[in-house]
Amino acid sequence: MALGELARPAETVSETELQEGSVVTASGRVSVAREYQQTAPSGPFKPWQLARIDEALTLSSRDTGLDFSVYLGELGEDSRAGAERLFDRIGEREHVSVLIAISPGERVVEIVTGEIATSRLSQRALKLAVMSMVASFKEGDLCRGIVTGLRMLADQAGRVSS
């Protein structure tokens with residue numbers, strides 16, 4: 001039986017009961033085709049916004065040689081400790097990593113950087129990026145805030161040395 005089909009013995013169904021998209025098969029069963037309804041994504045972003053964020057992450061990482069990550073969700077009562085716990089899960093490349101942890105419900109943005117990323121991003125650059133992101137978040141635009149923050153951090157970190 002194919003996906004989207006409902007089968008039951010044909011002897012329990014009269015011809016008048018058959019609805020559009022139904023047929024009695026050679027085996028004597030009734031097969032009913034149902035229209036597939038795609039469900040909309042349930043996250044905070046539309047597909048085109050996810051594409052913009054993905055592109056900003058890719059370009060920032062490729063241009064700088066740093067590994068940028070974005071986390072969106074609750075960080076807990078101690079947001080800095082929560083962000084650092086997430087950062088610790090990055091693994092062996094954490095020395096070149098930058099994590100932007102955003103908790104809209106808690107109204108918190110934390111940026112955690114690895115050793116090499118810290119040497120390339122000043123505290124001032126981090127604060128400016130956070131301020132810019134928060135300004136967009138206050139306007140209700142998470143996507144623009146994330147993309148702008150990534151671009152600002154990438155600009156401050158500079159291009160990867162060849």
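Q: Where is the place of G114?
A: G114 is in the loop between strand 6 and helix 3 (115–120). Helices (H or I, at least four residues) and strands (E, at least two) are DSSP runs, numbered from the N terminus. This is a predicted model, in which local features need pLDDT of at least 70 and side-chain atom pairs count only at pLDDT 80 or more, while totals for chains, interfaces and linings use all residues. Residues are numbered from 1 along each chain as its sequence is written, and side-chain values use heavy atoms, with hydrogens and water left out.

Q: Why is G114 called buried?
A: Buried means under 20% relative accessible area, exposed over 50%, and partly exposed in between (1.4 Å probe, protein chains only). G114 has a relative accessible area of 5%, so G114 counts as buried.

Q: Which residues does G114 touch, not counting those up to four places away in sequence?
A: They are F87, E94, H95 and S97, where contact means heavy atoms within 4.5 Å. G114 and V98 are 16 residues apart in sequence, and their C-alpha atoms are 6.5 Å apart in space.

Q: What makes strand 6 mostly covered?
A: In strand 6 (residues 108–113), 6 of the 6 residues are buried. V108, E110 and V112 are buried on one side, and V109, I111 and T113 are buried on the other, which leaves both faces covered.

Q: How do you know that strand 5 and strand 6 pair?
A: Two strands pair if DSSP finds at least two bridges between them. Strand 5 (residues 97–103) and strand 6 have 6 bridges, in the antiparallel sense. Within this pairing, L99 stands opposite V112.

Q: What makes strand 4 and strand 6 edge strands?
A: The open sheet has 3 strands in the order 4-5-6, with mixed pairing. Strand 4 (67–72) and strand 6 each pair on one side only, and that makes them the edge strands. From one strand to the next, the twist averages 15 degrees.

Q: Which helices lie across strand 4, strand 5 and strand 6?
A: Helix 2 (residues 79–88) lies across these strands and runs at about 45 degrees to strand 6. Helix 5 also lies across them, running at about 155 degrees to strand 4.

Q: Why does R107 count as exposed?
A: The relative accessibility of R107 is 76%, so R107 counts as exposed.

Q: Why are helix 1 and helix 5 called roughly parallel?
A: Angles under 35 degrees count as roughly parallel, over 145 as roughly antiparallel, 65 to 115 as roughly perpendicular and the rest as oblique. Axes are lines fitted to C-alpha atoms, for helices over the stretch in contact, and angles run from 0 to 180 degrees between N-to-C directions. The axes of helix 1 and helix 5 (residues 142–157) come within 9 Å and cross at roughly 10 degrees. The two helices are therefore roughly parallel to each other. Helix 1 contributes Q49, R52, I53, A56, L57, S60 and T64 to the contact, and helix 5 contributes C143, I146, V147, L150, R151, A154 and A157.

Q: How do the residues of this contact divide?
A: There are 9 nonpolar, 3 polar and 2 charged residues in the contact of helix 1 with helix 5. Ala, Val, Leu, Ile, Met, Phe, Trp, Tyr, Cys and Pro count as nonpolar, Asp, Glu, Lys and Arg as charged, and the others, Gly among them, as polar.

Q: Why is Q49 called buried?
A: Q49 has a relative accessible area of 13%, so Q49 is buried. Q49 belongs to helix 1 (residues 47–64). Leaving aside neighbours within four places in sequence, Q49 is in contact with P44 and C143. A polar atom of the Q49 side chain lies 2.8 Å from the backbone nitrogen of K46.

Q: What does the side chain of S61 reach?
A: The side chain of S61, a residue in helix 1, reaches the backbone nitrogen of F68 at 3.1 Å.

Definitions and conventions: Polar contact = N/O pair within 3.5 Å; in protein donor to acceptor, adjacent residues only side chain to side chain.
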